[in-house]
Amino acid sequence: MRIVKLKKENLFPFLEVISKEADLWAPVKKYEDKHVFKAVEDFSEIDLDYQRTIIPPRRILLPPKTNMFEATQNTYKEDFSNVSKKIIFGIHACDVNALVIMDRFYNFAYDDPYYTRARENTLILGYSCWPDEHCLCKSTNTHIVTEGYDLFFSKLDTHYLVWIGSSQGDDLIRKQPSLFNEDISDKDIQTYLNWQKEREDAFQAEIDFIDMPDLIELKYNDPLWEELGKACLACGSCTNVCPTCNCYNVYDKPILGKNASKIVRCWDACTLENYSEVAGGENFRENRADRLKLWYTHKLQAYISKYGKPACVGCGRCIVSCPVDINVLTVGKTLSGEKVDAFWKRFNLQVKKEVRK
Amino acid sequence: MKTISVEHLCRVEGNGGISATIDGKKVTEVKFNIYEGPRLIEQLTIGRTPEEDVSLAPRICAICTLSHKNAVLRAIEKALSVKVPKKTILMRELMHMGEIIESHSLHIFLLALPDYLGYPNAIAMAAKYDLEVKIGLEMKNFGNHIMKTISGRYIHGENPVIGGFGKFPDKKDLLWIKSRAQQFMPFVLKTVSLFCELDYPEIPEDETLYACCDPGNGKFGFWGEKILLSNGESIPADDYKKLTNEFVVSHSYAKHSLYKGKPYSVGALARINNLGERLDGEAGRKFKKYFNEHWKKNPLYHNAAQALEILYCFERIPVLVKKILKDENTPKIIPYSVKEGKGTGLVEAPRGLLIHHYEIKNGLVSNVDIITPTAQNAEDIERYCYIATQKLLDEGQEEKIRDRMDLVVRAFDPCISCSAHSAQVRQGKTDEWKSKLETILTHEEPAFLGIGNFRQGDDAVGIFIGKQLRDAGQKNVWLESSTNEMESFWKSNAGKPVIFLDAIDFQEKPGTVTFLPLLYALNNSSLVHKFSPFVTGPLKYNQLKKSYILGIQPASLKRGKTISPCVKKATREVLETLKSRQKKNRHFKDKE
Amino acid sequence: MENSKLKIGIYELTGCAGDALLILDCEKELIDIFNAADIQSFVMAKSDNIEGDLDIALVEGSVTTEKEIEELKDIRQRSKIVVAIGLCATVGGIQARFLDPKEWNERFKKVYGNIEMTHTKPVQSKPIDAYIDVDFYLPGCPIGKEQFLIFFTRILKGNPPEKSQNPVCVTCKYNENDCLLKKGILCLGPLTEDGCGAICINHNLPCAGCWGPLKTGNRTSEYYLLKEKGFDVEHIKKKMANYSGTKIASFLKELEKEKK
């Protein structure tokens, strides 16, 4: 591993050079305080001073709806039109770690060609960040990166320190090496270490994930789940904004006037009602509480039992998205026996009060 | 006696029919039936916030959705004193152009043209008239595209809101619209020559009064603050009721409108008649080339007028886009805080003058009045069908009647959903009958006929008023006292308008006075038994159309010779109104 | 080949005719639609209509007159499959909001006076499934182009249509919108059927609910949430009722009870 230095004013020239042969995706502002990843041509649109995008970068690799192939009665033609050379610039550590988890999911038993091909053609250029009150990534140990990136930019006062994480990353640097220099001074190192220390101390949200598998097992029949189910709007947002959710549905879209169909792949969410519906109309998880239990069991128990860490990277997206405050933080804390202030909690108290009346 | 009817009008928007009743060689009745049920939309919007109404009211109609949107916005923004910036107005005009293009091209190419080329529908026509169908579809698609770009979707777009827009469209989308409009020009010109040179039958030609918005500043356009009539009169927006006296007609859930007791026409042909001189550019040249006397009296020229308007829109769009793009720093939504007020919005929907009136109290809508183009055209649709039917009958071409009526109705491009949204009329001011009666008396010299039974309580009011009127010196007053008198009444008043005076059970508060065209009363099953056949029997359609019924709600019809106090009070009011009118007339005559 | 085409009828009861119009708005596909199916009856588009046996009847509009009840029953009898298209047919439309027949009568009188209609008697607006069995529902005010084409093509090819049970929020998130409800804006996304493309939220405007109520929507939770956010209770109820037709009557009645 090599670390090089890039002057701030050299960033755009560097992006200019590397975006010649690939689409450059970077965070841009969508609302006053909300960002999205977008393919940019005009670099002035890029806004690196962002907290988290509304939807995680997995959307770039597998969009919510993609056409997989067009089929007739005896032929089919695959559609890889979403696969193209891409560079995602400005990804935070949590999202880089989430992509590592996604890589594992989609190669676990069978290779998913739609994901893998898109992924193979995509370079990941990470970017350092500063936590807000919702960032949980220190608890999930995903606030730093050890794998899954090609380059990683840490912002100092006048420079970036650039970690080179892969040979493809190294190739990018070599496109115009004159933009970089390798003489990292003691002062630079000290500045970086200070910044890192301050950042570690800046985290406000915290959960102990080590105990989660046991807690979920012990509280599998806890009234908590019914309470969550009562308040849950079943909007599917927690799932759609989660950087490690990967379920999808496949449906036919017949073509008018032709004896052929497009086979479309579409994001699905286990928190939605028709997710667990099977042929014949039977539904295993009609109850919202059951669906939430599935989601949390998957994120906080099954994955930890198997890989030793949660399928949550602490990005905080469920925290800022759920209208009724059902999120990893409030659920995790409640499981650990802590008191939380959340709408779903207040709602249940109120309903109970009214029933008593 | 037989009836010729088109049960289900095809290729029009909504659910309606037309029928003509023929007695020998005379047409006795023409009815424009609307089967579309009552939706009570105005009632639904009352008690809602102005923001909700901006979303709900356009649901009256899919094809005029943005006209309704513009009208409700104009009315409510006036009521709440919201001043929207220029860019917002320009964008609203652009989306309106989209609707005009969409609706007009759908109508002339796909709905009306098959009639003239002899096909049941546009798809069947496509085999031989491929280019025409293609132009029609592409043009409609382009209109739709504009509507979607600005309003958010093809139908019932929600992007236009009080104070502006939720979101402005991208520059590149606007530029595309501009260049596409320019590319279209050769086909637009082809459209104009096609529809302006079409062979329109001369039956049913007749003069009418045309009404449309006056955009002001000597310009052509689709909205304004005044209503312009073809006789030169001008009515400010707030006085719109002077133009549209809506009546309930029992054979339709749409209401009919009359101006000074007479039908009038709205729509593309009204606009071209009233404002055509103001067109410039290519549209102006084409107007000068094609406009002639026929356009002034033949409703079938609606099709030609719509083609001219399409040209106007295509010329206007590039100008609009250029102006919109110039203005970059306009805020999307102007904030507002006013909670009370009232306002009227006038807009020219594709098929004519559309009026929305709102009153807002404590931040909630307290009163709504919506008057749609088809409701205003309904009377003229019936009149022109009547003329066509009678003429064809006179010329011995009875077999053509059905198709011709179909053609006439379709030319008006009626929007039945719109008309059946239901306006609020009878609930209006309780003394509305006075102004209606006055209007009639200013223009006509009707005969009065008092009807009733003086031995049956309040049923005597008709006779009672008649007697008093006679005593006061009113000429041509008759009483339903004996068959003899009735016979001479019909003889001396053939063809003249008649005002029937009677006690009629409208299930209103006792003493309430109602003034209705006789035709409507006769079509109403709850009222019709009030007229013995010999009273109305000799009435011919023409006379029927001019006649009215002045009814007073009785309190009791028990045997006896006393009239209830509340009915007596109403009687006094009626007499006073009639007497004061008499005085004015006399005064007028003395002067002469 | 000609004989194997499915016979289709498109009917309009009372409404804005937007759903039939939207079918005409499929300009690019229109000729394909007419080629792929045998359109027997489509009053808005053609005049050579045949009213016979049908494979599929698409019905838009709510039932608002006695004549329409009969027409609808006749359509049911003639058709193998009946599909309700659009908000008016699926839930009764905005005009079906009066739950109390007494209130409806009063409103009707206010508008039309006491006149009795000679051509057909009015009845209180209801969705078509109040009178006949409905095989499929295609919600929307009006229905969406893409949604309609997928549905139509599937049904033409004999495949049952995909059931949509998702709230607007799903597509809203696909479109990467910020949650307006979370921001404190009265948005009905979680309670409304998906299919519109989350168009209003794409334009920074809250969902008004015009695709009709999601059967499984958690109205109670959102009601309390909005109440907590400071919205007037009456306003919340009105908003929820605007585009729900007759379909959330029991929920609204439940709220009324609570008040007492």
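**Briefing: chains A, B and C of a predicted model**

C:Glu176 is located in chain C, in the loop that runs between α7 and α8 (199-202). This residue is not a glycine, yet its phi is positive, at about 60°. C:Glu176 counts as buried, because 20 C-beta neighbours lie inside 10 Å and a residue is buried if 20 or more other C-beta atoms lie within that distance. The model is predicted.

**Backbone geometry in loops**

- In chain A, A:Asp325 has a phi near 65°, which is a positive value in a residue other than glycine.
- A:Asp325 belongs to the loop that links α11 (317-321) with α12 (328-335) of chain A.
- A:Asp325 is classed as buried because 21 C-beta neighbours are found inside 10 Å.
- In chain C, the peptide bond that joins C:Cys141 and C:Pro142 is cis, with omega about -5°.
- C:Pro142 is part of the loop between β7 (136-138) and α6 of chain C.

**Overall build of chain A**

- Chain A contains 13 helices and twelve strands.
- The radius of gyration of chain A is 22 Å, close to the 21 Å that the globule rule gives for 357 residues, so chain A is as compact as a globular protein of that length.
- Taken along the principal axes, the box filled by the C-alpha atoms of chain A is roughly 70 × 60 × 40 Å.
- Of the 357 residues in chain A, 40% count as buried.
- When contacts in chain A are taken between residues at least 6 apart in sequence, 70% of them join residues at least 24 apart.

**Domains of chain A**

- Chain A is divided into domain 1, made of 2-62 + 82-202, and domain 2, made of 212-245 + 278-356.
- A distance of 30 Å separates the C-alpha centres of domain 1 and domain 2 of chain A.
- Across the boundary within chain A, 19 residues of domain 1 are in contact with 17 residues of domain 2.
- On the side of domain 1 of chain A that touches domain 2, helix α3 (residues 93-107) of chain A provides the largest share, with six residues.
- That side of domain 1 of chain A is made up of ten nonpolar, six polar and three charged residues.

**An antiparallel sheet in chain A**

- Chain A has an open sheet of four strands in the order β5-β4-β12-β11, with antiparallel pairing.
- The edges are formed by β5 (76-78) and β11 (248-254) of chain A; each has a single partner strand, so one side of each is left without a neighbour in the sheet.
- Three bridges hold the antiparallel pair formed by strand β4 (residues 65-71) of chain A and β5(A).
- A:Glu70 stands opposite A:Lys77, which is in β5(A).

**A sheet and its helix in chain B**

- Chain B has an open sheet of three strands in the order β11-β12-β13, and the pairing is antiparallel.
- Its edge strands are β11 (341-349) and β13 (364-371) of chain B, each of which pairs on one side only.
- The strands β11(B) and β12 (residues 352-361) of chain B run antiparallel and are joined by nine bridges.
- The bridge partner of B:Gly341 is B:Ile360, in β12(B).
- Helix α12 (residues 373-394) of chain B packs on this sheet, where it touches β11, β12 and β13 of chain B.
- The direction of helix α12 of chain B makes about 130° with that of β12(B).

**Contact between chains C and A**

- Between these chains, 34 residues of chain C are in contact with 34 residues of chain A.
- On the side of chain C that touches chain A, at least two residues are supplied by each of α2 (27-36), α6 (145-156), α7 (168-174) and α9 (219-228) of chain C.
- The residues on that side of chain C comprise 13 nonpolar, nine polar and twelve charged.

Definitions and conventions. Residues numbered from 1 in each chain as written. Chains lettered and ligands numbered in written order. Predicted model: local features only at pLDDT ≥ 70, side-chain atom pairs only at ≥ 80, totals over all residues. Domains from an automatic or database assignment. Contact = placed C-beta atoms within 7 Å. Nonpolar A, V, L, I, M, F, W, Y, C, P; charged D, E, K, R; others polar. Rg over C-alpha atoms; globule rule 2.2 N^0.38 Å. Buried ≥ 20, exposed ≤ 12 C-beta atoms within 10 Å, placed from the backbone. Pairing = 2+ DSSP bridges. Axes fitted to C-alpha atoms, helices over the stretch in contact; angles between N-to-C directions.
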